[in-house]
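We will go from one selection to the next.

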Amino acid sequence: MADDYYETLEINRNATDADIKKAYRRLALKFHPKSSKEEGSSDRFSQLGEAYEVLSDPRKKATFDKFGEEGLKGGIPPEFGRGGAWSSKYAYHRNPEKTFKQFFGGDNPFAVFSANDVPLHFGGLKPVVVKTQDLPIERDLHLSLDDLFLGCTKKIKISRRVMNEGGYTSSIKDKILSIDVNPGWREGTRIVFSKEGDQGPNSIPADIVFLVRQKSHPLFERQDDDLIYKTQISLDMALTGFSVNVQTIDGRLLNIPINDIVHPTYRKVVPGEGMPLFQDPSQRGDLIIHFDIQFPEKLSADRKHLIKKALK
């Protein structure tokens with residue numbers, strides 16, 4: 001191996017990460033055994049792989065810059081590694097083809113340029129990079145029952161890594177995603193923004209997926225497309241009848257007469273006053289009223305007698 005990795009890649013010590021990648025790309029294609037049969041090309045190709053592996057890794061590069069090849073391969077005391085340097089002994093795996101494939105992606109970067117194993121001259125052509133998409137990024141979207149009943153628009157700011165012009169460097173940029181919440185959406189509804197994740201040189205950005213999570217409501221519980229309303233009533237109301245006033249989510253006041261005798265399992269169903277149906281918001285589920293009957297803690301003998309007389 002040459003004493004100076006920078007000389008191997010034909011760059012200076014102020015080279016950026018993009019400069020290192022450009023130099024390796026150019027020289028690795030030039031000296032790869034499939035494109036060069038000159039004497040010494042194989043050794044030079046191996047030297048390029050080692051140089052790139054060191055200078056593309058911030059910790060190895062920091063050790064080499066400060067302690068040279070001797071410090072990189074011989075190891076340095078752990079206390080010197082606190083600034084990001086590589087404190088363990090480094091040894092190249094001596095498989096430059098592995099480095100080459102990891103850089104370009106795919107098992108055969110030359111597939112597009114080769115026919116019958118006859119080397120071709122590359123000129124300005126670029127090797128094929130096989131890109132795979134990153135796994136989806138899932139986030140919860142907490143919505144109130146009012147949002148899911150009436151519909152709304154939510155604006156969400158995300159920060160993601162975006163590749164700069166040239167494709168070698170990246171920066172963090174903010175973006176506003178707009179979600180139009182449709183009336184009737186349920187818990188678990190998925191909203192997918194395709195390829196809005198971090199960008200990378202050899203990958204397809206992940207999809208960003210928001211999952212609807214419904215917040216609790218002070219008056220109603222949701223059961224699929226129905227709304228459950230609970231109210232307390234006295235025993236005399238349960239036996240003699242009464243009316244229930246219910247303030248709806250869209251601001252109306254319902255007056256619902258109860259003429260039946262209300263027992264503990266009695267439910268009053270008000271058709272069409274539940275949640276909008278997602279498939280057809282003009283249609284709605286039901287409002288279902290549950291009653292919590294409050295029994296008196298004690299009764300006088302006279303009242304007991306009157307109740308017995310009334311119920312006979």
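Start with histidine 142: opposite it, in β7, stands arginine 213. This is a predicted model, where local features need pLDDT of at least 70 and side-chain atom pairs pLDDT 80 or more, while totals for chains, interfaces and linings use all residues. Numbering starts from 1 along each chain as its sequence is written, and side-chain values use heavy atoms, leaving out hydrogens and water.

Now select β2 and β7 (residues 208-214). They run parallel and are joined by seven bridges. Strands are DSSP runs of E, at least two residues, and helices are runs of H or I, at least four, numbered from the N terminus. Two strands pair if DSSP finds at least two bridges between them.

The three strands form an open sheet, order β2-β7-β5, with mixed pairing. At the edges are β2 (137-143) and β5 (190-193), each pairing on one side only.

Next, colour the aromatic rings. Phe, Tyr and Trp rings (six-membered ring for Trp) pair if their centres lie within 6.5 Å; planes under 30 degrees apart are stacked, over 60 edge-to-face, the rest tilted. The count is ten aromatic pairs.

Select tyrosine 24 and phenylalanine 103. They are edge-to-face, 5.1 Å centre to centre, with 70° between the planes. Tyrosine 24 is in helix α2 (residues 17-31) and phenylalanine 103 in helix α5 (residues 96-104), 79 residues apart.

Finish with Tyr5, Tyr6 and Phe64, a cluster linked by ring pairs.
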